[in-house]
Amino acid sequence: MFVKWLREHASSSALLVLFRLYLGYAWITAGWHKIVDGFDATGFLKGALAKASGEHPAVQSWWAAFIEHVALPNVGFFNVLVPWGELLVGIALILGLFTTFAALMGAVMNFAFMFSGTTSTNPQMILLTIFILVAGANAGRYGLDHWVIPYIHKFVNRTSRPHLPHAFHR
């Protein structure tokens, strides 16, 4: 019943606008500061590796292996991906543009930060993001998705129909 309300009712869309605005502001602020002030993930990643040892590690060994063998060797890529990803997720959430995809990408970043041993506001952001993801298209009803998604559906349906003689079309 609650999921149906989230997915179908205008009142839940209005509530989700508040969630989107809060999350969008948080992502834009984080990304913008990293872009303007400069960002180097090396220290963060090395700190996460340090949390992967001991009797009760905050970072699991499989994630530490990812950091050591993928993230650190490609830190330059992550130095661009993280701040711009945060900024673009924030803009998309505020505008209600590709809302569920933006929310999913935000959740991926939140989980990556938590896997790296950082809590901060990540759990509350994930909790709010779950409501947006469960709501699906209704989360973007009061946003650009209201116009963009139907246009995309129309374009995809028009281009994906096979070109059969007129007699074969229903």
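Which residues in H7 are buried? Select helix H7 (122-135) and find Asn122, Met125, Ile126, Leu128, Thr129, Ile132 and Ala135, which are buried. Buried stands for under 20% relative accessible area, exposed for over 50%, and partly exposed for what falls in between, with a 1.4 Å probe and protein chains only. Helices are DSSP runs of H or I with at least four residues, strands are runs of E with at least two, and both are numbered from the N terminus.

Before going on, note that this is a predicted model, in which local features need pLDDT of at least 70, side-chain atom pairs count only at pLDDT 80 or more, and totals for chains, interfaces and linings use all residues. Residues are numbered from 1 along each chain as its sequence is written, and side-chain values use heavy atoms, with hydrogens and water left out.

**Stay on H7.** This helix has 14 residues and spans 20 Å from its first C-alpha to its last, close to the 20 Å expected at 1.5 Å a residue. The expected span is 1.5 Å times one less than the number of residues. The buried residues of H7 pack against helix H1 (2-8), H2 and H6. Just after H7, select glycine 136, whose phi is positive, at about 60°.

**Select the largest nonpolar core.** A nonpolar core is a set of buried Ala, Val, Leu, Ile, Met, Phe, Trp, Tyr and Cys residues joined through side-chain atoms within 4.5 Å. The largest one has 18 residues, and Leu16, Leu23, Trp27, Leu93 and Ile132 have the most contacts inside it. At least two residues of this core come from each of helix H2 (10-37), helix H5 (75-95), helix H6 (99-115) and helix H7 (122-135). Apart from it lies another core of 10 residues, including Ala41, Leu45, Ile67 and Phe78. In soluble globular proteins, nonpolar side chains tend to be buried together.

Now pick leucine 16. Contact means heavy atoms within 4.5 Å. Leaving aside neighbours within four places in sequence, leucine 16 is in contact with Leu6, Phe131, Ile132, Ala135 and Ala139.

**Move to the largest pocket.** On a 1 Å grid over the protein atoms alone, a pocket is an open set of points where a 1.4 Å probe fits, with protein on both sides within 12 Å along at least five of seven lines; lining residues have an atom within 4 Å of a point. The largest pocket holds about 690 Å³ of space. Its lining has 36 residues, and Trp27, Val82, Glu86, Met109 and Phe113 are the closest to its centre.

Select glutamate 86, which is found in helix H5. Is this residue buried or exposed? Glutamate 86 counts as buried because its relative accessibility is 2%. Not counting residues up to four places away in sequence, glutamate 86 touches Trp27, Ile28, Ala30, Gly31, Lys34, Met109 and Phe113.

**Finish with two loops and a helix.** Most residues other than glycine have a negative phi. Phenylalanine 98, in the loop between H5 and H6, has a positive phi near 50°. At 39% relative accessibility, phenylalanine 98 counts as partly exposed. Serine 120, in the loop between H6 and H7, also has a positive phi, of about 50°. Serine 120 counts as exposed, at 62% relative accessibility.

Last, select leucine 49 in helix H3. Leucine 49 and serine 116 are 67 residues apart in sequence and 7.9 Å apart in space, C-alpha to C-alpha.

Key: Grid points are joined across faces, edges and corners, and a volume is the space filled by probe spheres set on the points.
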